[in-house]
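Please walk through this protein model, with attention to its aromatic rings, its core and its charged side chains.

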Amino acid sequence: KLWYQRRVRDLNIARELEKTLAKKSEQRKQRLEQERLEQEEQGEGTEGTIGPFEAILGSKTEHVRKFMTSVREYDVQHRPTFIDTLSENETIEATLSWCFKDTAHPVSTAMGNAQFNFYQRIVLLNKKLYMASTQEEKEALIPGIQAEVEAITGDVSEFVSNLCRVLFSLYCNNEESWIVPQTKLSDQFYKPFLAQLLETYNFLNQEDMVVFRRYIAEHGQVEIQNFPNIKQKYHLGEAPYQAAIECLLALTETCSPLTKFRLLISFGETIMNCIKDFYLQSGHSEEEANEVSCLGADDLMPISIYIVTRAARPELVSELQFLNDVSHEDDLTGQEGYCLATVQSTFANIIGRERESQNSSSAL
């Protein structure tokens, strides 16, 4: 009954959000139509006119150039004067905040149209799942839904990357300031539709999540001393690696992929810091603490398995898959990609071993 009440509540929230986004989208369409009519009256014509969302996603030079021109023209007329009194970094930050909040700004319009587009596509997928009454019907939907999720995340990745480059060209003066539009966009863009997208991922990953839940039920309260392959020097007394567990749990509390990647990088660093701090507090020297906290892959994996088990969040499987799908290949070749692959490997290790264990039990 409680599960049903929560599902009804979530559906009601989704419907309200859908109505709000639809209303905003309709307002933007009306404004764009009004602009089109004004252009037509001025003799500019409408041939080849496309919306800002399509201009950014398509990334054709002439369309992007027109979009950037519209941004500059809007900025000249409407940009708050106080922004010009700020320092360079503060100016970029304030300008982007204004662009996102001003619903009439071309950047805000492009983002809003994109968010509504992706939200509608995701909700349509989830409606198909709700309408499937049997497990067989749901399983038959998997290939099509998987293909559509890949298409959606591909478009999301392309749109965000293209818009980030446009914002950098418009508002940034040096390479060091690249992180500002990247961070602001990552923080703002995914909020309206990420929960629904993760729900779709949960459906696609449901078999792995069931296996992981079964593993948690059996091993979730096991003490670290009884976990295999963790050397005694890494047991660390009572409630070990709590900071690393909290770092992993924080992945589910943010909508920003950039923040999620930072947490993944911090996850590995936090494990080593937990070890170092424990040995420093135990009276060892800095050199000794640094040496013992320098982990190889053979030591890191079993410790990570313990932490993932203690975190007890099956939905992290979907969170990690989302990060993998929404990232460009170049983003996955550096530290972010290595940390993502490490945590994904931890889940794969647990799920693989649990399946083997179940198969062995079934054979007996």
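Ring pairs join Phe-118, Phe-159, Phe-189, Tyr-190, Phe-193 and Phe-322 into a cluster. Rings of Phe, Tyr and Trp (its six-membered ring) pair if their centres lie within 6.5 Å; planes under 30 degrees apart are stacked, over 60 edge-to-face, and the rest tilted. Across the whole structure, 13 aromatic pairs are found. Phe-189 and Phe-193 form an edge-to-face pair, because their ring centres are 5.6 Å apart and their planes stand at 80 degrees. Phe-189 counts as buried at 0% relative accessibility, and Phe-193 as buried at 1%. Here buried means under 20% relative accessible area, exposed over 50%, and partly exposed in between (1.4 Å probe, protein chains only).

The model is predicted: local features need pLDDT of at least 70, side-chain atom pairs count only at pLDDT 80 or more, and totals for chains, interfaces and linings use all residues. Residues are numbered from 1 along each chain as its sequence is written, and side-chain values use heavy atoms, with hydrogens and water left out. The chain averages a pLDDT (the predictor's confidence in each residue, from 0 to 100) of 83, and 85% of the residues score at least 70. Over residues 1-8 the pLDDT is below 50, and this stretch has two contacts beyond near neighbours in sequence. Contact means heavy atoms within 4.5 Å. Residues 42-48 also stay under 50, and the model has six contacts for them beyond four places in sequence.

Phe-159 and Phe-189 also belong to the largest nonpolar core, which has 97 residues; together with Tyr-241, Ile-271, Ile-275 and Ile-307 they touch the most other members. Such a core is a set of buried Ala, Val, Leu, Ile, Met, Phe, Trp, Tyr and Cys residues joined through side-chain atoms within 4.5 Å. Helix H6 (residues 135-171) contributes the most, with 13 residues. Helices (H or I, at least four residues) are DSSP runs, numbered from the N terminus. Beyond four places in sequence, the contacts of Ile-271 include Tyr-241, Leu-295, Ile-303 and Ile-307.

Tyr-241 sits in the loop between helix H9 (206-219) and helix H10 (242-249). Its phi is near 60 degrees, a positive value in a residue other than glycine, and at 2% relative accessibility Tyr-241 is buried. Ala-312, in the loop between helix H13 (297-311) and helix H14 (316-326), has a phi near 55 degrees, again positive in a residue other than glycine. Ala-312 is partly exposed at 33% relative accessibility.

Turning to charge, a salt bridge is a side-chain nitrogen of Lys or Arg within 4 Å of a carboxyl oxygen of Asp or Glu. The count by this rule is ten. Lys-260 and Glu-319 meet in one of them (2.7 Å, N to O). Lys-260 lies in helix H11 (residues 257-281) and Glu-319 in helix H14, so this pair ties together parts that are 59 residues apart in sequence. Lys-260 is buried at 1% relative accessibility, as is Glu-319 at 6%.

Asp-155 and Arg-121 form another salt bridge (3.0 Å, N to O). This pair links helix H6 with helix H5 (residues 106-131) over 34 residues. Asp-155 is partly exposed at 25% relative accessibility, and a network of salt bridges links Arg-121, Glu-148 and Asp-155.

Asp-325, in helix H14, is buried yet has no salt bridge, and the nearest side chain of opposite charge, Arg-121, is 13 Å away. Lys and Arg count as positive and Asp and Glu as negative, while His and the chain ends are not counted. Beyond four places in sequence, Asp-325 contacts Thr-153 and Tyr-201.

Key: Helices (H or I, at least four residues) and strands (E, at least two) are DSSP runs, numbered from the N terminus.
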